[in-house]
Amino acid sequence: MRCDQLALADAIAEVNQGMAETTRAASPDWWSRASSAVIQLAREGRPFQAYDIVTRFGIEEPRNGAKQWGSLFSAMHKAGVIEHHGYTTSARPTANRSACCQWIGAAAPIGESA
């Protein structure tokens, strides 16, 4: 499954224009690697957070930090890849154990048969 960055930005624009602009502004290389990591984590069926993408897949922090992570996860949610799975304590060392969103793979992502 491939999550097209610009198509998802267009879909998000219906709800949040600012997040759509952030999605469009992401480096296509970063987007491709980060979205592939989200898809892999979603397939594993365990809860995860943004910092898992950094630690497990070596994806660098995006230039626009929290906004870019937010647009990535919103796009993956819009695509049906992931679902919100509550909140947890951030594993990111600089976050001082603050709350962060936790995600899990959706039961049947768009584009995949059950």
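# A guided tour of the predicted model

A search of the whole structure, which is a predicted model, finds four aromatic pairs. For one of them, please select tryptophan 30 and tryptophan 69. Their ring centres lie 5.3 Å apart and their planes meet at 65°, so the pair is edge-to-face, the term for planes over 60 degrees apart. This pair joins distant parts of the chain, since tryptophan 30 belongs to helix H3 and tryptophan 69 to helix H5, 39 residues apart. Both tryptophan 30 and tryptophan 69 are buried.

**The nonpolar core**

Next, select Val38, Ile53, Leu72, Phe73, Met76, Val81 and Ile82. These are the residues with the most contacts inside the largest nonpolar core, which has 28 residues. Two or more residues of this core come from each of helix H1 (5-13), helix H3 (28-44), helix H4 (50-57) and helix H5 (65-78). Which helix gives the most to this core? The answer is H3, with eight residues.

Now centre the view on isoleucine 53. Not counting residues up to four places away in sequence, isoleucine 53 touches Ala34, Ala37, Val38, Leu41, Gly58, Ile59, Trp69, Leu72 and Phe73.

Leaving aside neighbours within four places in sequence, serine 35 is in contact with Leu72 and Met76. Leu72 and Met76 are also among the core residues with the most contacts.

**Where H1 crosses H5**

Select helices H1 and H5 and display their axes. The axes come within 10 Å and cross at roughly 85°. H1 is therefore roughly perpendicular to H5. To see the contact itself, show Leu8, Ala11 and Ile12 in H1, which meet Ser71, Ser74, Ala75, Met76 and Lys78 in H5. The residues of this contact comprise five nonpolar, two polar and one charged.

Then select threonine 23, in helix H2 (residues 17-25). Is threonine 23 buried or exposed? Threonine 23 is buried, with a relative accessible area of 0%. Beyond the residues up to four places away in sequence, threonine 23 touches Gln5, Ala9, Ile12, Trp31, Gln68 and Ser71. Two of these residues, Ile12 and Ser71, also take part in the contact of H1 with H5.

**Two exposed residues**

Return to helix H5 and select alanine 66. Alanine 66 counts as exposed because its relative accessibility is 69% and the cut-off is over 50%. The C-alpha atom of alanine 66 is separated by 9.5 Å from that of alanine 50, 16 residues apart along the chain.

The last stop is arginine 97, in the loop between strand E1 (82-89) and strand E2 (99-105). At 65% relative accessibility, arginine 97 is exposed. Examine the backbone here as well. Most residues other than glycine have a negative phi. Arginine 97, although not a glycine, has a positive phi of about 60°.

Conventions. Residues are numbered from 1 along each chain as its sequence is written. This is a predicted model: local features need pLDDT of at least 70, side-chain atom pairs count only at pLDDT 80 or more; totals for chains, interfaces and linings use all residues. Side-chain values use heavy atoms; hydrogens and water are left out. A nonpolar core is a set of buried Ala, Val, Leu, Ile, Met, Phe, Trp, Tyr and Cys residues joined through side-chain atoms within 4.5 Å. Buried means under 20% relative accessible area, exposed over 50%, partly exposed in between (1.4 Å probe, protein chains only). Helices (H or I, at least four residues) and strands (E, at least two) are DSSP runs, numbered from the N terminus. Contact means heavy atoms within 4.5 Å. Axes are lines fitted to C-alpha atoms, for helices over the stretch in contact, and angles run from 0 to 180 degrees between N-to-C directions. Angles under 35 degrees count as roughly parallel, over 145 as roughly antiparallel, 65 to 115 as roughly perpendicular and the rest as oblique. Ala, Val, Leu, Ile, Met, Phe, Trp, Tyr, Cys and Pro count as nonpolar, Asp, Glu, Lys and Arg as charged, and the others, Gly among them, as polar. Rings of Phe, Tyr and Trp (its six-membered ring) pair if their centres lie within 6.5 Å; planes under 30 degrees apart count as stacked, over 60 as edge-to-face and the rest as tilted.
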